[in-house]
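Please work through the exercises below with the sequence and the coordinates at hand, and try each task before reading its solution.

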Amino acid sequence: MSVIKTEHLTYTYNGGSPFEKVAVDDVNLEIEQGELVGIIGHTGSGKSTLIQHFNGLVKPTAGKVYIDGRDIWENPKDIRRIRFQVGLVFQYPEYQLFEETVYKDIAYGPTNIGLSKEEIDERVREAAMFVGLRESTLEKSPFELSGGQKRRVAIAGVIAMRPEVLILDEPTAGLDPKGRDKILGQIKQYHEAQKNTVLIVSHSMEDVAKYCQKALVMNQSKVFLYDTIENVFSHTEELSAMGLAVPQVTRIFHALGARGVEVNPDIFTVEAGREELLKLLAAHHVRKGGAARA
Amino acid sequence: MLKDITIGQYYPGKSPIHHMDPRMKIVITFAYIVMLFVAKNAWGFGVGIAFLIAAYLISGVPGKMALKSLKPIIPIVVFTTVLNMFFIDGNPLWQWGFLKITDKGISMAIMMAIRIVCLIAGTSLLTYTTSPIVLTDGLERLMSPLKRIKVPVHELAMMMTIALRFIPTLIEETDKIMNAQKARGADLESGKLLQRVKALIPVLIPLFVSAFRRADELALAMECRCYRGGEGRTRMKQLKMHGRDVVSALVTTVCIAGVIVLNIFIRPIF
Amino acid sequence: MEVFAKLENIIKVQDVSYAYTAEGNAANVLEHVSLAVPRGQFVAVLGHNGSGKSTLAKLCNAILTPSEGVVYVDGVDTRDEEMIYEIRQNVGMVFQNPDNQIVATIVEEDVAFALENLGVEPKEMRKRVDDALKEVGMYDYREHAPHQLSGGQKQRVAIAGIIAMRPACIVLDEPTAMLDPKGRREVLKTIRGLNRDYGITVVLITHYMDEAAKADRVVVVDNGRVILDDTPKNVFSHVEKLKGVGLDVPQSTELIYELRKAGYPVDSHIIDEEACVNEILRLLEE
């Protein structure tokens, strides 16, 4: 069953005024339970507004959002329950930390659910483990941590609510390559361990190609594509026209194809590229009469 | 959404009043207030009201806006009117028990009501036609003689400018933090007053932390751009008085003179 | 100062160490760094967060002064407090967060801010502000409020505010870290234009390798030391070393590196797509 489903979802800013702007336009979408989806699209494409519909932070102007088959706005008073079901980590989430200790900050979400002390404790420790925070860090003030650590605390704060769906809005913004790989690696591990649905908004096609199973492309307030990585990135031309550059390695293989080399064009990561080239070169050398490698 | 709130009440336009030198606008606004308090009879108030209406018509600011500015002071107007009406001695026109209404009371009540309404509508026109930043600029230059007696005029103006610059940024930031905490199940909308204030802590602390961080970074950026206070500072935009400023100064002077003359030649209301 | 006016190196960092002395523990953020930036060069400084690259930037315009060693800006020792405004005018600085470096509520007034502080005549100021706005392509937005602009546009306004001072050099501390890809492209194009068309020396501090790949020279900083300092091609050929300090290399470089590791005779100095494709084709034709 699809965990997130939208029907004709539409959202309009400043409705009725001269500044009216459609941010999400008639989106029909079904995201299956257990998937790891990369959401891409340039700034203003509507992706941020779309994800805020999934946990009821934004109420649709028209259309419906279903979580686990239930219309989330059926009973508006119940909307807080949806927020625990669908966890949303905003961009630069480290700026939302406020408690005296890391432990208390991570416990904020579970406390709002109204869980028992023991349950909260268990969840805080579990969440801290997922993002690689040490036991000793839990008693520190979040304000004395490094930028990357703060961000992991903030992510743990949402994971600790044990949401069925975890959505992260550009979790790697502003981080260096090391910090980026660390966080994405941890999210992937979390996804594999919990087997729940994870949505990652990203500007990096390389990261989406490397970590996600599916990609959702937003363009001009509409869903342009929602498909497997292979099928999405095969639309190189269209994506480039939208200002979304496909990974460099994909472009290299497309260029090789255009220059008459018979290669698999569906190469999105350096590892896959390496395999493909080695296969190609081996075949080439066999054809050339088994000439030895240099 | 929070970020849709506009700062101040500037009503953009291209009228001569919008283009007037802010210093002159501030001076004329003060002169107008003086005019309202000098006026002692119906004719004097007639001049005051005519002046205001003319100014609104020239500015192109709709009368609706003037009314909007009056909305918050309705209780004050009602209160002073009632007070004046019942507690000023004179020839009683109507009496019931200890309550009585006198002719003087009525005229005084009307006069005060007109005064307050004109005062608010007049000063509002200043803020409708002058953006907060130009207003700050005008005030800084008008008050610059006070620097000699060690009033930190430049510093105050700089603080005002930075505040104006960062209001939209901080509003947007508040919006973001509120959403982030709501996503963690914060309940900011229900509960008793005390609970609601408590629920705001997760919003306020990050907001303060962020404001301090911004202040730090801004100070650094200002230092990198050679900021060293008001001394030796020049301004790109020089304020210049134009024909329209001179004309409006003359008109205002004539009106005040007119009100004084009317005071002398026509019997005061009381 | 006339004697030094045309010095070859605009910035000269000589055996500099720096320690933040907060809370008594004085661990060196920079250790014996030496670096000279010739006029007109486009230098990229690469390093992960906490490598000391931001500290290096702040030493270049007397925001910080070295604990040990000397930094010269156009021949002037940055410890000379009398010369502080000359130094800051000569080496302008742009920071990461565009929001936190714009002071005024109108674009053109913000660009004028530094000039107002320096006491430039209003007429001259108007011209310099207009020129600066044109150079970064923001002239049409001169009367906008900063909060109406996109991140990339705000950052270009911040750059205009610096180049209005007519500095010989600008140091940019991760100017694109908070921007989306479009904003990044805009800002990089602007920076490259300033270097190419106006001869402004650029020190670009970044952790994006693709930005560094287009510089004249790449300096890699790790743990407070300069570990590589060479042309982009030569620097990126050290794939292992870069990955070891938490940095990336362009995918084309990595792909070629993998082929080399597998024993194929390929040129390791490849940093762009085109060269990578050609190298692979050459290999297939052999």
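The exercises that follow concern a predicted model, and each is given with a worked solution.

**Exercise 1.** Determine which residues of helix α4 of chain B are buried and how they are arranged about the helix axis.

*Solution.* Begin with the helix itself, residues 63–70 of chain B, where the buried residues are B:M65, B:A66, B:S69 and B:L70. Next, look down the axis of α4(B): its buried residues fall within an arc of 145°, so they line one face of the helix. Then turn to the other side of α4(B), where B:K64, B:L67 and B:K68 are exposed. Finally, ask what covers the buried residues of α4(B); the cover includes α3 (42–59), α5 (74–87) and α6 of chain B.

**Exercise 2.** Describe how domain 1 and domain 2 of chain A meet.

*Solution.* Start from the domain assignment, which gives domain 1 as 2–246 and domain 2 as 247–294. Eleven residues of domain 1 of chain A are in contact with eight residues of domain 2 of chain A, and the two domains bury about 760 Å² between them, 71% of it on carbon and sulfur atoms. Between these domains the count of salt bridges is zero, while three residue pairs are in polar contact. On the side of domain 1 of chain A that touches domain 2 of chain A, the largest share, four residues, comes from α7(A).

Definitions and conventions: Residues numbered from 1 in each chain as written. Chains lettered and ligands numbered in written order. Predicted model: local features only at pLDDT ≥ 70, side-chain atom pairs only at ≥ 80, totals over all residues. Heavy atoms only, no water. Buried < 20%, exposed > 50% of the residue type's maximum accessible area, 1.4 Å probe, protein only. Helix = DSSP H or I, 4+ residues; strand = E, 2+ residues; numbered from the N terminus. Arc of directions from axis to C-beta. Contact = heavy atoms within 4.5 Å. Domains from an automatic or database assignment. Buried area = accessible area lost by both parts, 1.4 Å probe. Salt bridge = Lys/Arg side-chain N within 4 Å of Asp/Glu carboxyl O. Polar contact = N/O pair within 3.5 Å; in protein donor to acceptor, adjacent residues only side chain to side chain.
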